Structure formats: C-alpha cells, structure tokens
Amino acid sequence: MRVLRRTLGTLLALGAAVSCASAPAADARPGDGRPAALAPYAQLLPAPASARAGGPGYAVGPVTVIRTGPGGGEEVRRVGELLAEQLRASSGLPLPVVDGAAGDGIRLRLDEGAGGTGAEGYRLESGPGGVTLSARTPAGLFHAGQTLRQLLPVAGPGTVPGGEITDAPRFAYRGAMLDIARHHFTAEQVKRYVDQLARYKVNTLHLHLTDDQGWRIAIDSWPRLAEYGGGSEVGGGPGGYWTKEQYRDLVAYAGERYVDVVPEIDMPGHVNAAQASYPELNCDGKARERYTGTKVGFSSLCVAAERTYEFIDDVLGELAELTPGRYLHIGGDEAHSTPAADYAAFMDRAQQIVGRHGKTVVAWHQLATARPAPGAVLQYWGHDKTAASEKAAVAAAAKAGHPLVLSPADRLYLDMKYDAATRPGLAWAGFVPVRRAYDWDPGTYLAAAGVPESAVLGVEAPLWTETIATRADLELMAFPRVLGLAELGWSPGPRDWAEYSRRVAAQGPRLDAQDIAYYRAPDVPWT
C-alpha cells in the first residue's frame with residue numbers, strides 16, 4: 001500500500017506539473033471545493049525573495065547538458081556534477097557536464113553581480129534556449145540548483161517554466177540539530193538527513209555527539225570514551241560510535257552540499273558516559289555506571305580538578321582538527337549539579353580552550369548567566385513560559401554583541417509531539433503542530449525582551465532522540481516541520497499560513513519520491 005501511495009502521488013504530481021507548466025497560480029476549481037494545483041514558481045519552498053514566471057520555458061531532454069561556464073574552476077565543476085547526479089536520479093536523462101558557456105542547456109556561472117547581496121544569493125533565468133544559474137559563490141550556485149529541482153517534475157523529463165528568480169537568505173545560519181547520543185544513528189543515516197536538509201537550503205548540521213547515555217565520537221587520546229562510553233543508549237540498546245574517518249567523511253559529504261557541521265561536546269553536565277569511561281573525571285575518583293534512562297541534570301565534571309581541563313583540551317583539540325567549520329558547541333545546559341560559581345569558572349576555561357584551537361564558541365543560552373567569551377554564540381531554547389529573568393539575561397548578552405541562534409522549544413523542537421496521538425516524542429514544551437512551528441517571526445520573537453533582529457544570527461530545529469530510535473521516527477518528527485525551519489531561515493516573509501500550507505502540500509509527492517515517512521498534518525491540504 002505504501003508503494004502504491006507513493007506511485008499515485010508521483011503520478012498526480014506529474015499531472016499537476018504538466019498542467020501548470022506555464023499557467024499562473026490558480027484559484028479554486030469550480031464545483032469541487034478544492035484549490036487548484038499551484039503553478040511551479042508558486043510552489044517553491046523556501047519561498048524566494050523575488051520570482052516572476054513568464055514566457056516559454058526550457059525543455060530538459062536527452063540532449064541537455066550542464067555547462068559550468070568559463071573560469072568556474074574545480075568547485076563549480078563539482079557543483080555541476082552533483083546537480084547532474086541529482087537530476088539524473090529523478091529524470092533518467094544522461095545530462096553530461098561540460099566546460100564552456102556557449103550553447104543551450106543548464107548553465108552555471110560565477111558572477112560577482114548575481115544574486116543581490118550575500119554569499120548564498122543567486123539568480124535563475126529560464127527561457128527556450130536554456131536555464132542560467134548565476135551566483136557570486138559556488139554555494140549560491142548549489143542553492144540555485146536546488147530551486148531548479150523544484151521547478152522540474154518529481155519524475156521523468158520535463159520543462160523548466162519560463163521566468164526568473166532573484167534570491168538570497170534572510171539569515172546566515174539555518175540549522176538542524178540531531179542528537180545521536182541518546183540513541184545512536186550511523187553516519188550513513190545522517191548523510192540521508194543532510195541530503196534532505198540541503199535540498200531546502202538548510203546550511204548547518206549541529207551534531208549532539210555526547211550525553212549521559214552515550215559518547216559517539218572516537219578520541220585517540222581517551223579511547224575508552226567511545227569504546228566503553230559509546231556502548232549504551234536510552235533503553236539499554238547496544239549504542240555505538242563513529243570512527244574519526246566516519247566523522248571526517250560525513251563532514252566532507254555535508255561540505256559538498258554547503259552544510260557546515262557544528263559538533264557538540266556537552267559540558268559540564270550531561271557527562272555520565274565520560275565519567276563511566278574514566279574515573280578521574282569524577283571528584284571522588286570512582287567510575288560511574290553507564291546510564292540508559294532519560295533523567296537530566298544529575299552529572300557534572302569535577303570543576304576543581306586540573307585533569308578535567310586536560311581532558312577538555314584533548315577532546316576539543318582532536319574535534320577541532322576534524323572540523324573545518326568555525327564553530328565548536330560546548331553545551332552548557334541543565335548543569336543542575338554544578339554550583340553557579342563553579343559553572344561560571346568552568347565555562348571561562350572551556351571557552352578559552354575553544355579559542356586556543358581556533359574556533360568560535362557556541363553554547364546553549366544558559367551561558368548568558370556566566371561570562372560569555374567575546375564573539376560567543378548563544379543558542380536560545382526557551383519557550384513561552386520561560387522566566388522573564390532568563391530572557392533578560394539573553395537580551396543582555398545580545399546587547400553585548402553575542403549573536404543568537406533561536407531554537408524555541410515550543411516552536412522548533414522537532415521531538416515535541418504534534419498532538420496527543422503522536423506515538424514518538426515528548427510534550428514537556430507542549431504540542432507543536434505544523435502551523436505553530438511555522439507561524440512566528442524570528443526577527444521579533446524576543447523583541448519584548450529587548451533583542452533586535454540584528455542580534456539574530458539564525459534559527460535551528462533540534463531533534464532530541466530520547467524517544468527516537470529509527471530513521472522512520474526521525475523523519476516522521478522532522479517532516480514537514482523542518483520545511484518551516486527552512487523557510488523561516490531563508491525567506492523574507494511576510495508569513496501566510498494558508499499560502500504556505502499549500503506549498504507544503506505541493507512538496508508531498510517529492511517527499512513520497514524520497515521515501516520520507518513524513519507526518520500528514522491534518523491542517524495541510526495534501527494532494
């Protein structure tokens with residue numbers, strides 16, 4: 001039945017794509033009470049800054065080539081090859097990649113004047129002679145290619161409708177976090193999530209690598225962290241960990257899709273897996289038992305011990321060497337077993353270590369109650385009921401120049417249940433239906449506390465895995481809510497739920513084609 005549903009969805013999408021290839025966005029069909037399918041330029045998600053349909057389009061067929069333009073270099077050629085691979089999978093066409101700009105086809109061009117402002121902007125122009133993608137950077141060309149994919153049918157050859165797009169993101173940081181510590185996920189499973197995120201212009205993957213229940217990354221100088229600390233997970237499963245080579249390969253794979261990896265080693269709390277592996281990380285010198293429950297806040301590194309900081313230096317040093325991105329995340333949340341003065345002193349030293357390894361600190365917003373290092377990024381995970389004093393501390397940090405990544409738990413926590421009937425997930429921040437995840441403005445979210453939009457670096461949707469153990473559960477909780485995250489981070493607004501819900505529905509056949517086990521939200525008009 002599932003295969004039949006996917007096939008039917010694909011056929012319906014193909015019919016809609018053909019019938020709307022050159023039509024404007026339609027109103028309701030007379031007599032049936034249902035809205036007509038959106039025209040291709042009106043289906044795009046995230047919505048582009050500017051899009052105009054018009055004129056004849058370009059038919060992508062057996063003789064179509066992808067041209068990487070003069071002077072594009074190796075990186076542009078790689079973007080072209082990846083785009084060709086993606087389009088071949090859906091169209092079945094050969095789509096060879098050739099050098100040179102002359103001739104028809106799909107043309108990729110680096111152009112200093114393209115895409116308005118910003119490193120990720122682009123222009124897309126489609127006419128009978130071909131489709132031209134131009135951008136200031138290869139990252140912009142990659143994003144243009146993902147837009148092009150949405151203008152073509154879900155399966156088979158098709159026509160890119162005539163028109164043009166000028167586009168650039170609202171926020172620089174558009175992220176999703178995956179917790180692989182509570183339940184272990186393999187690097188190959190995470191690569192699949194990277195592909196899904198990059199398709200919608202999400203440019204950051206935050207990996208929560210360690211917690212009380214498991215340590216998931218090999219560290220040469222402290223081998224028992226992975227070998228022993230990685231051997232558990234919530235519920236008593238076998239756990240697991242990534243080798244350095246697996247992590248390096250994942251980082252490279254994400255980088256090819258212009259997704260930066262931000263690794264997190266949570267501290268000074270959430271450290272039981274480390275304390276079970278090495279007794280010297282405990283003030284009493286006794287190893288802890290491995291932990292498979294879900295309680296938080298009970299563990300703490302020994303703040304007074306110099307060995308603790310040798311451990312942090314070794315771990316963060318090895319991780320920094322593996323990670324080309326600018327950020328290292330050091331957690332800092334729910335350190336309930338660390339007295340406030342000890343917490344501040346600990347975070348001082350941990351931040352200094354991050355700086356010595358050439359990286360910028362990211363931490364959960366509790367760092368605002370201590371002394372954030374210059375340039376440190378705070379990740380806010382509060383919600384509507386968060387105390388005003390806590391919001392005031394975050395606002396003070398923002399006013400002092402610390403950028404904020406917004407991850408409000410009652411909006412963007414993907415592990416929150418959609419409703420009472422949702423099988424996996426939690427509900428401590430309340431239910432988060434698809435509309436609630438989308439229908440808010442990051443620029444004004446903390447305005448009442450005194451945080452201006454200029455302090456907002458971006459948005460991130462975390463997925464904690466206390467109750468998430470399979471790929472199907474991961475995708476059910478992420479989709480379609482992570483599409484809202486993508487639009488909140490990229491599109492300028494304003495927000496219109498009725499219009500957005502129709503664009504989400506238009507993505508349904510594409511999600512089906514990828515075999516994504518998404519949640520069919522009742523307030524989305526699915527095909």
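Guide: Let's start at Val451, which is in contact with Ala395, Ala398, Leu404, Gly443 and Leu446, leaving aside its neighbours within four places in sequence. Contact here means heavy atoms within 4.5 Å. What you see is a predicted model, in which local features need pLDDT of at least 70 and side-chain atom pairs count only at pLDDT 80 or more, while totals for chains, interfaces and linings use all residues. Residues are numbered from 1 along each chain as its sequence is written, and side-chain values use heavy atoms, with hydrogens and water left out.

Now find Val451 in the loop between α13 (434-438) and β19. Those labels come from DSSP runs numbered from the N terminus: helices are H or I with at least four residues, and strands are E with at least two. One of the contacts of Val451 is Ala398; the two are 53 residues apart along the chain, and their C-alpha atoms are separated by 6.5 Å. Val451 counts as buried because its relative accessible area is 4%. The cut-offs are under 20% for buried, over 50% for exposed, and partly exposed in between, with a 1.4 Å probe and protein chains only.

Helix α14 covers residues 471-478, and its buried residues are Asp473, Leu474, Glu475, Met477 and Ala478.

With a relative accessible area of 0%, His206 is buried. Leaving aside residues within four places in sequence, its contacts include Ala176, Met177, Leu178, Glu264, His329 and Glu460. Trp526, by contrast, is 320 residues along the chain from His206, with 30 Å between their C-alpha atoms.

Between α5 and β11 there is a loop that holds Lys201. Lys201 has a positive phi of about 70° although it is not a glycine, and at 1% relative accessibility it counts as buried. His270, in the loop between β14 and α8, also has a positive phi, of about 55°, and is not a glycine. Pro268 is in that loop between β14 (260-267) and α8 (272-277) too, and a cis peptide bond with omega of about -5° joins Met267 to Pro268.

Let's step back to the whole protein. Its 527 residues are 58% buried. The largest nonpolar core has 138 residues, and Leu133, Leu148, Tyr193, Leu207, Trp215, Tyr247 and Phe311 have the most contacts inside it. Helix α9 (residues 306-322) gives the largest share of this core, eight residues. A second, separate core of 10 residues includes Met177, Trp381, Ala409 and Ala429. Such a core is a set of buried Ala, Val, Leu, Ile, Met, Phe, Trp, Tyr and Cys residues joined through side-chain atoms within 4.5 Å. In soluble globular proteins, nonpolar side chains tend to be buried together.

Finally, the protein contains 16 helices and 19 strands. Its radius of gyration is 24 Å, close to the 24 Å that the globule rule gives for 527 residues, so it is as compact as a globular protein of that length. That radius is taken over C-alpha atoms, and the rule is 2.2 Å times the number of residues to the power 0.38.
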